[in-house]
Each structure stands twice: as C-alpha cells, then as structure tokens.
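Try each task yourself before you read the solution.

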Amino acid sequence: MTLRSYKGHLPKVCINTYVDESAVLIGDISIGHDSSIWPLVAARGDVNYIKIGDRTNVQDGAILHVTRPTPDNSAGYPLIIGDDVTIGHQAMLHGCHLGNRILVGMSAIIMDNVTVEDDVIIGGGSLVPPGKTLKSGFLYVGSPVKQARALTQDEIDFLLVSANNYVKLKDEYLLED
Ligand SMILES: CC(C)(COP(=O)(O)OP(=O)(O)OC[C@H]1O[C@@H](n2cnc3c(N)ncnc32)[C@H](O)[C@@H]1OP(=O)(O)O)[C@@H](O)C(=O)NCCC(=O)NCCS
C-alpha cells in the first residue's frame with residue numbers, strides 16, 4: 001500500500017496529484033495540487049512532518065526524511081518543499097527547507113536545517129551540508145556545494161518549464177490508472 005498511517009497520521013494528497021503505486025509515503029505528509037511522486041520514492045513523516053507544495057515533482061528513488069524535536073531544538077527539522085520544484089532521481093532530502101522554482105540535481109544530498117531560497121539550481125551529485133543557505137538566483141555544485149555562478153534568465157525560466165513538463169507527464173500517467 002502506497003499511503004501508510006503512522007501514529008494516526010495518514011498522508012494527505014490532493015486529488016490531482018500523482019503518486020506512483022511503488023512509492024511509499026508514511027505518516028504526517030501533505031502534498032498540494034498537480035504534484036507528482038514517481039516510482040520508488042520513500043518519504044517518511046514519522047518523527048516530524050513533510051510538506052510538499054503545488055506542481056512539484058519528486059523523481060524516481062528519491063528519499064525524504066526528517067529529524068525529531070529535541071530539548072535543544074523543539075521544532076526538530078521538518079522537510080518543507082515549495083511550489084514548482086523539481087527533485088531529480090535518487091536525491092536525498094533530510095530536514096531541510098526548499099523554496100519555490102528549484103532544481104535539485106540527480107543524487108544530490110541536502111541535509112538538516114538547510115534553506116534553499118527561490119530560483120536555485122543544485123548540480124547533480126552535490127552535497128549541501130547542515131545549516132547552509134543557498135541564495136536565490138545562483139547555481140551551486142560540488143561536495144560540499146559551492147556557489148558556481150549566477151543563473152542565466154534562460155535557466156531561471158527553465159525552472160518553471162521543468163515543473164510544467166512534469167505536470168503534463170503526471171496527467172498522462174493519471175489517465176493510465
Ligand atoms: C548543474 C548543471 C545544470 C550545470 O550545467 P552547465 O551549464 O554545464 O554548468 P557550467 O558549465 O556553468 O558549470 C560550472 C562549473 O561547475 C561544474 N559542474 C557542472 N555541473 C556539476 C556538477 N553536477 N557537479 C560538480 N561540478 C559541476 C562545471 O564543470 C564547471 O566547472 P569549471 O568552472 O571548473 O569548468 C548540470 O551539470 C547538472 O548537474 N544538471 C542537473 C540535471 C538534473 O539532475 N536534472 C534532474 C533530473 S531530470
């Protein structure tokens with residue numbers, strides 16, 4: 001079963017969002033409209049919550065998790081992802097906060113308490129260490145990531161194109177069900 005309850009929390013998914021039947025979503029997770037969760041994604045909203053916005057795609061094999069509250073950090077680290085975000089295949093997102101119109105490259109790792117501002121590209125295979133802030137309008141690459149350069153206007157425009165492509169693709173998949 002794709003959507004699994006944990007401690008009374010069942011993932012809430014808007015009706016026009018696509019969740020592949022091989023994905024596993026557990027616990028306190030909410031996903032907005034026109035988003036898509038692709039094969040073999042594992043998302044665990046158990047010790048904190050996961051919130052995903054509208055028109056965001058989480059591609060195959062991505063792993064999403066969170067960090068529990070502690071006496072020193074009463075909120076812990078939930079995972080919050082904004083609108084029109086593309087999460088590439090096999091990315092690992094843990095207890096971080098992503099804004100809107102972001103591309104997370106394939107196999108990138110984003111750790112606790114990271115903030116990614118709007119309109120950012122993170123290169124494939126990059127590692128974003130805990131607590132870092134990635135500034136709006138820049139490309140970040142490497143392990144650990146470094147700011148590589150400002151994004152071009154074409155690249156900023158592509159962030160919405162990528163999200164919209166996945167909205168169209170998930171609509172086709174929904175017709176198959
Ligand atoms: C990040 C990315 C967009 C950069 O593309 P680009 O326009 O070729 O980048 P640039 O040529 O400006 O590269 C800037 C520098 O970063 C390096 N670089 C580019 N991508 C890198 C990556 N993923 N990791 C490490 N370094 C990278 C380049 O070699 C270059 O280094 P140099 O200045 O020493 O020569 C692209 O490489 C990438 O990783 N795309 C991710 C695609 C993806 O995963 N999509 C989701 C699935 S569909």
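**Exercise 1.** In which sense do strand 1 and strand 4 pair, and over how many bridges?

*Solution.* Keep in mind that this is a predicted model. Start by finding strand 1 at residues 3-4 and strand 4 at residues 24-31. The two strands pair in the parallel sense, over two bridges. To see the pairing on screen, look for Leu-3, which sits opposite Leu-25 of strand 4.

**Exercise 2.** Find the bridges that join strand 4 to strand 2 and to strand 6.

*Solution.* Take strand 2 to begin with: residues 12-13 run parallel to strand 4 and are joined to it by two bridges. Here Lys-12 stands opposite Ser-30 in strand 4. Next, move to strand 6, residues 42-52, which pairs with strand 4 over seven bridges, in the parallel sense. One place to look is Val-24, whose bridge partner in strand 6 is Ala-42.

**Exercise 3.** How many of the eight residues of strand 4 are buried?

*Solution.* Recall that a residue is buried if 20 or more other C-beta atoms lie within 10 Å of its own. In strand 4, six of the eight residues are buried, so the strand is mostly covered.

**Exercise 4.** Is Gly-8 buried or exposed, and why?

*Solution.* First locate Gly-8 in the loop between strand 1 and strand 2. Then count: 7 other C-beta atoms lie within 10 Å of Gly-8. A residue with 12 or fewer is exposed, so Gly-8 is exposed.

Methods: Residues numbered from 1 in each chain as written. Predicted model: local features only at pLDDT ≥ 70, side-chain atom pairs only at ≥ 80, totals over all residues. Helix = DSSP H or I, 4+ residues; strand = E, 2+ residues; numbered from the N terminus. Pairing = 2+ DSSP bridges.
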